[in-house]
Amino acid sequence: MMKNILFFLAILSIILTAQRIVFADEGTLPETVRITTSDWPPFSSTTGKGIYIDIVNAAFAEMGVTPEYVYYPWKRGEKYVADGKIWCIFPYTINVERSALCLFSDPLNESSTDIFYYGDDKGYVFNEIADLKQYRMGGTAGYYFAEIFAKEGVDAFYTPDETSGLKMLQKGRIDLFVLNRMVGWYFINANFGKEKDKFHILDKPLSVNPQRLMVSRTYPGTRLLLERFNAALAKIKAGDEIKLILKKHTPLH
């Protein structure tokens, strides 16, 4: 008798799960969605603060869905999204490898990767990647441009974190340091006091890329969620909300 009851409960659980997936695909959004991010200030953090966290929360509020944040290191979060355990991770840019595993939202906002220098402008020239070969370059380990530099023959010293690289730049151990613009100014303002005014960026950015949600292909109701998220994002972009978020987080320099 007990075995029959357990078997019935197991079948019922499967049916209810299947129904939830079907309902989501037919137009009913879930009340909560599991999402993840990690520490990349001022864009995101494991404390719930950041530019993109505010933008994502505003879009979910517009959808009427509550985001359930679970925080993991970037690589583990990527795996859980690919496996369908979490709906999305952010912020990410599109590349071929990621597109094979995941979907992507419309852009949250554009992100500029810039070349920082310290002190007086020494006539640095940057029109193309090859121009950087003549300088002592630096960057943070794990950034996308390391592969580009390697292919183009640009030697660079990679530091474990942004502040270490900026200190090397300040001390003259490298000529130029490549870093996301807003991330760079965040760490400069946080760590260099009056010296912050001696940091500058070259006129030409290394790149400008849209940052997005990287979305699971297999999470229940994922395509409907993505469609509704993009619609909500477009709606808040049409107003002043994103401008106000950026103004709140943008450091003065």
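This is a predicted model: local features need pLDDT of at least 70, side-chain atom pairs count only at pLDDT 80 or more; totals for chains, interfaces and linings use all residues.

Student: Why is helix α2 called roughly perpendicular to helix α8?

Tutor: The axes of α2 (residues 51-63) and α8 (residues 222-238) cross at roughly 110° and come within 8 Å. Angles of 65 to 115 degrees count as roughly perpendicular, so α2 is described as roughly perpendicular to α8.

Student: Which residues of α2 and α8 meet?

Tutor: From α2, the residues include Ile55, Val56, Ala59 and Phe60; among their counterparts in α8 are Leu225, Phe229, Ala232 and Leu233. By class, this contact has eleven nonpolar, three charged and no polar residues.

Student: Which residues touch the most other members of the largest nonpolar core?

Tutor: Trp87, Leu132 and Phe229 do, in a core of 63 residues. The element that gives the most to this core is α2, with nine residues. Apart from it lies another core of eight residues, including Val81 and Cys102.

Student: What does Phe229 touch beyond four places in sequence?

Tutor: Phe229 touches Val56, Ala59, Phe60, Met63, Trp87, Ser105, Leu108 and Leu213.

Student: Why does Asn230 count as buried?

Tutor: Asn230, which lies in α8, has 15% relative accessibility. Buried means under 20%, and therefore Asn230 counts as buried.

Student: How do you know that the side chain of Asn230 lies within polar-contact distance of Asp106?

Tutor: A polar atom of the Asn230 side chain lies 2.9 Å from the backbone nitrogen of Asp106, and the cut-off for a polar contact is 3.5 Å. Leaving aside neighbours within four places in sequence, Asn230 is in contact with Ser105 and Asp106.

Conventions: Residues are numbered from 1 along each chain as its sequence is written. Side-chain values use heavy atoms; hydrogens and water are left out. Axes are lines fitted to C-alpha atoms, for helices over the stretch in contact, and angles run from 0 to 180 degrees between N-to-C directions. Helices (H or I, at least four residues) and strands (E, at least two) are DSSP runs, numbered from the N terminus. Angles under 35 degrees count as roughly parallel, over 145 as roughly antiparallel, 65 to 115 as roughly perpendicular and the rest as oblique. Contact means heavy atoms within 4.5 Å. Ala, Val, Leu, Ile, Met, Phe, Trp, Tyr, Cys and Pro count as nonpolar, Asp, Glu, Lys and Arg as charged, and the others, Gly among them, as polar. A nonpolar core is a set of buried Ala, Val, Leu, Ile, Met, Phe, Trp, Tyr and Cys residues joined through side-chain atoms within 4.5 Å. Buried means under 20% relative accessible area, exposed over 50%, partly exposed in between (1.4 Å probe, protein chains only). A polar contact is a pair of N or O atoms within 3.5 Å; within protein, one must be able to donate a hydrogen and the other to accept it, and residues adjacent in sequence count only if both atoms are side-chain atoms.
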